[in-house]
Amino acid sequence: MNVHRWPLTPRHSPADSATAFNAASAYDQAGDDYLTYADGDPVNLFGFEGRYAYSDRRVWAAIRRRLDALRNAGARSLRVVDAGCGPGTWLRRVVVHAHSMGFTRIVARGFDVAEAQIRRARVLARDAAGLPGVELRFEVSDLARPLPEADNSIDLALCLYCVLNHAPIADVRRVAGEFARVTRGYFIVTVRAVGSQPTIYVDSIDKARDLRQDHEHDLCEVDLHDGRHLSFASHLFTAVELRGIIGGAMEVDEVRGLDLFHNRFAPDARWNPATLVAPEQFFRELACLEETFATDPNFIDRATHLMAVAHPRSARRRAAMRD
Ligand SMILES: C[S@@+](CC[C@H](N)C(=O)[O-])C[C@H]1O[C@@H](n2cnc3c(N)ncnc32)[C@H](O)[C@@H]1O
């Protein structure tokens with residue numbers, strides 16, 4: 001397969017109204033394959049055996065920590081929004097777990113620009129939506145639109161796995177401002193990093209015959225072996241850039257790299273030979289490497305994904321920043 005990347009430093013993208021349409025079309029076409037590729041077994045919600053198992057566990061730990069903080073502060077009700085929710089796996093995880101933690105009223109909204117993903121999310125969510133006290137809904141909507149949620153109404157806002165990579169970069173600050181406006185609790189976002197291994201986002205890389213990541217125009221062009229051609233917005237972030245954008249709107253708690261080493265070195269049949277067997281100690285050392293270098297400026301941009309966790313600024317800090 002041919003992989004072309006140029007130039008290595010991302011610059012700007014055309015604020016192209018077709019970008020959301022193209023992303024929607026790519027994820028609509030991805031169909032059921034995307035669900036398995038990205039999130040693993042949809043029935044085994046907490047199995048974390050998907051392709052990004054290591055980073056999924058880290059993201060889930062970050063989410064659980066914030067849910068614990070809310071519950072420990074006495075909250076019994078929870079409002080969640082998941083932007084670019086895809087098949088809705090993350091929102092179902094949050095709802096099912098929050099319910100088991102004793103939140104008695106949970107209002108959760110997932111939205112995505114890809115209709116096929118929302119159709120799938122609605123079908124899969126029937127179990128979680130039936131829990132007492134739970135109001136769970138999925139809608140087709142574009143992140144480019146203002147969020148319908150009221151100011152300071154959301155306890156947990158999620159925007160996970162590449163949603164912001166597909167937004168025109170010129171628009172991402174405004175989008176971050178929207179999350180800041182509606183969030184009273186925590187905002188958690190993950191994006192693909194600039195030095196990550198090549199991706200076609202919607203499926204595994206071996207389905208591609210040719211892949212072009214054009215950093216000049218923030219565009220990903222893919223020729224698949226089955227003859228299809230995909231073309232959609234793809235802006236890859238540096239950690240400094242992500243921190244700058246989110247930090248312009250909220251107080252950033254942490255920015256870390258996810259899957260710096262696992263996805264390259266773990267003996268996993270999906271990317272390394274099935275014959276490669278590693279002792280337990282190997283996994284412990286990999287996890288230790290991840291932990292050691294997750295925030296190291298020399299390594300962070302080589303992570304597969306970057307995760308930022310943020311909370312709203314206090315009124316005093318907002319005023320100080322205005323002065
Ligand atoms: C890699 S998927 C991640 C899905 C889900 N968050 C997850 O982690 O499983 C990226 C999602 O972003 C959605 N997306 C891209 N651009 C969007 C936009 N402008 N508004 C809403 N969703 C968008 C895509 O349709 C796709 O479902």
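1. A nitrogen atom of the ligand lies 2.7 Å from a polar backbone atom of G84, a polar contact here being a pair of N or O atoms within 3.5 Å. Taken alone, the ligand exposes 590 Å², and the protein buries 97% of that (Shrake-Rupley areas, 1.4 Å probe).

2. Before going on, please keep in mind that this is a predicted model, in which local features need pLDDT of at least 70 and side-chain atom pairs count only at pLDDT 80 or more, while totals for chains, interfaces and linings use all residues. Residues are numbered from 1 along each chain as its sequence is written, and side-chain values use heavy atoms, with hydrogens and water left out.

3. An N or O atom in the side chain of D112 is 2.6 Å from an oxygen atom of the ligand, and one in the side chain of D142 is 2.8 Å from a ligand nitrogen atom.

4. The ligand is surrounded by 20 residues (a heavy atom within 4 Å), and L143 and L160 are among the closest. The shell divides into 13 nonpolar, 4 polar and 3 charged residues (Asp, Glu, Lys and Arg count as charged; Gly is among the polar ones).

5. Y201 is buried because its relative accessibility is 4% (buried means under 20%, with a 1.4 Å probe and protein chains only). D218 also counts as buried, at 2%.

Note on methods. Polar contact = N/O pair within 3.5 Å; in protein donor to acceptor, adjacent residues only side chain to side chain. Buried < 20%, exposed > 50% of the residue type's maximum accessible area, 1.4 Å probe, protein only.
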